[in-house]
Amino acid sequence: MKRPAPMRRRRHAAPAARTIPAPRRRALARGAGPAAARAPLRRVLIANRGEIALRVLRACREMGLSPVMVYSEADRDSLPVRLADAAYLVGPPPASSSYLDVGAILRAAREGGADAVHPGYGFLAENPEFAEAVAGAGLVFIGPPPGAMRALGDKVEARRLMAERGVPVIPGLTDRAADAETLRRFARQAGYPIILKAAAGGGGKGMRVVRRDQEIDPALRAARSEAKASFGDDGVYAEKYLEGVRHVEVQVLADAHGHAVHLGERECSVQRRHQKLIEEAPSTAITSVARRRMGDLALRVVKASGYVNAGTVEFLLDAGGKAYFMEVNARLQVEHPVTEMVTGIDLVRAQIEIAQGDRLALRQEALEPRGWAIECRIVAEDPEHSFRPSPGRIGLLRFPAGPGVRVDSALQPGDTISLHYDALVAKLIAWGRDRGQAIARMRRALDEFLISGIRTSIPFHREVLADAEFQAGRIDIGYAERALPRLAAAMREAGPDAEAAAIAAAVAAAEESAGAVTGPGAAARAWGPGPWALAGRRALMEGRAPKHRTP
């Protein structure tokens, strides 16, 4: 059997793993929640990669916990691996042979002396068999118990449970689709369009909209293939596809002592092909009364399933304000930073505290959003060419900063964006006292964000933030597709990565002239315009510099 290979560097000796008594271990494997009282954790294995691995690692450091990483051969030199106290190779680049290899991850946890596993998001985060295997190995799973994960993490089971409890659900199948003919019968009954979804996970993976009978077979094949690659489960179900609605989700926290709170909503309607591109908190469509109503609905979902830890209840909101239950993401969400920014609550820290049996000290009446936060998912895709993937090696990289700006990314100059994994480059978050200031700060931050070597979605984000419809909050899940034709012209006018191109030219000019400024008159020439200034002027004259527009 394959054994995980440890890195040679290790800053701290690995403490011995704490053993959970066998009866408790069996209870956890059956799906029981975290122990009401448990010794504090000491060492956490992070079963993920990229920015979320770094996010969890940083939370561990702040809590005095020792972080241990797993990594594939493609991530050997990544920042999370270099910052961990120990790191273990679990396989080659394909996720199916590394980050989805339960045996290799558990062996790494044992060899690393971990007493807990944090799954991050994606990969095995919503896999109840993985959670059971972690508990069966005597380790703490930092996430919901397997029983709740089965009830809610499986989207079909979640829909059935919510319908039984009287929670409004979107019309759809109550079982996984056995074959294409099952989908055709449902579509003829519900009416087109319908949407196929992965039963075992979210994040837009395994989703396909179908508008006519002849599209069902290829859509089913594609949805199953993508679901299998992303979650190790090719199960698919179908719902009626609602158009002109908003995608609004509610963040929840629940401890093992019966106390649960919601942290308000996130607006996630700016998406393309079911992949969220911009999220914000709060939502322009939600009043304080509606927030309480949706929050109460989310807590009903949590209590109905015995859910413990952090989770997200997702709804579709129609034009009349009616909320339909869509699914529960039984994990930390990619967009969790916007909730952290408007509540001041560290959600990763809360996850770890709940997993070790702590009581939530939060009270619902004290939880109201403060200010406004927006997140742009910067991805390695070219928005001028239908968001074509843009893998490659990163050259120049400068993250924005300043008041109210946060960047979650694990990338460094010289890193490679690989086709093996998600194309996420960074999560760029801006906070302001109100939505107008948050938008202004995000626009400034997008202009400061420099990256070369790959194409990114930054031009798209720039144009959306400048768009009058977005600024007025007139968005729904179809906004991005409708807006793209008119935004495309503006993207072409501004030109992608213009500033990065100017800086690359400046660096080249500096290198070429490094040895030329010598001899008599060198000091005088040194006081003239530098290569950075000259490159900037050249970019302006050639019309390549970004144009700042107001709608």
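Me: In which sense do S20 and strand S22 (residues 424–432) pair, and over how many bridges?

Reply: Strands of a sheet pair through backbone hydrogen bonds, either parallel or antiparallel. Here S20 and S22 pair in the antiparallel sense, over 4 bridges. Pairing takes at least two DSSP bridges; helices (H or I, at least four residues) and strands (E, at least two) are DSSP runs, numbered from the N terminus. Across this pair, Arg406 stands opposite Ile429 in S22. This is a predicted model, where local features need pLDDT of at least 70 and side-chain atom pairs pLDDT 80 or more, while totals for chains, interfaces and linings use all residues. Residues are numbered from 1 along each chain as its sequence is written, and side-chain values use heavy atoms, without hydrogens and water.

Me: What is the order of the strands in the open sheet?

Reply: Follow the 8 strands as S14-S13-S10-S11-S12-S15-S22-S20, with antiparallel pairing. S14 and strand S20 (405–408) each have a single partner strand and stand at the edges, so one side of each has no neighbour in the sheet.

Me: Let's look at a helix. Which residues of H9 are buried?

Reply: An α-helix has 3.6 residues a turn, so residues three or four places apart point the same way. In H9 the buried ones (under 20% relative accessible area; exposed is over 50%, partly exposed in between; 1.4 Å probe, protein chains only) are Ile216, Ala219, Leu220, Ala223, Ala227, Ser230 and Phe231. Seen down the axis of H9, these buried residues fall within an arc of 110° (taken from the directions from the helix axis to the C-beta atoms), so they line one face of the helix. The face turned away from that buried side carries the exposed residues Arg221 and Ala229.

Me: Where should I look for cis peptide bonds?

Reply: Check omega, which is about 0° for the cis bond joining Tyr192 and Pro193. Pro193 sits in the loop between H8 and S7. Another cis bond, also with omega about 0°, joins Ala281 and Pro282. Pro282 is in the loop between strand S12 (275–281) and helix H10 (288–305).
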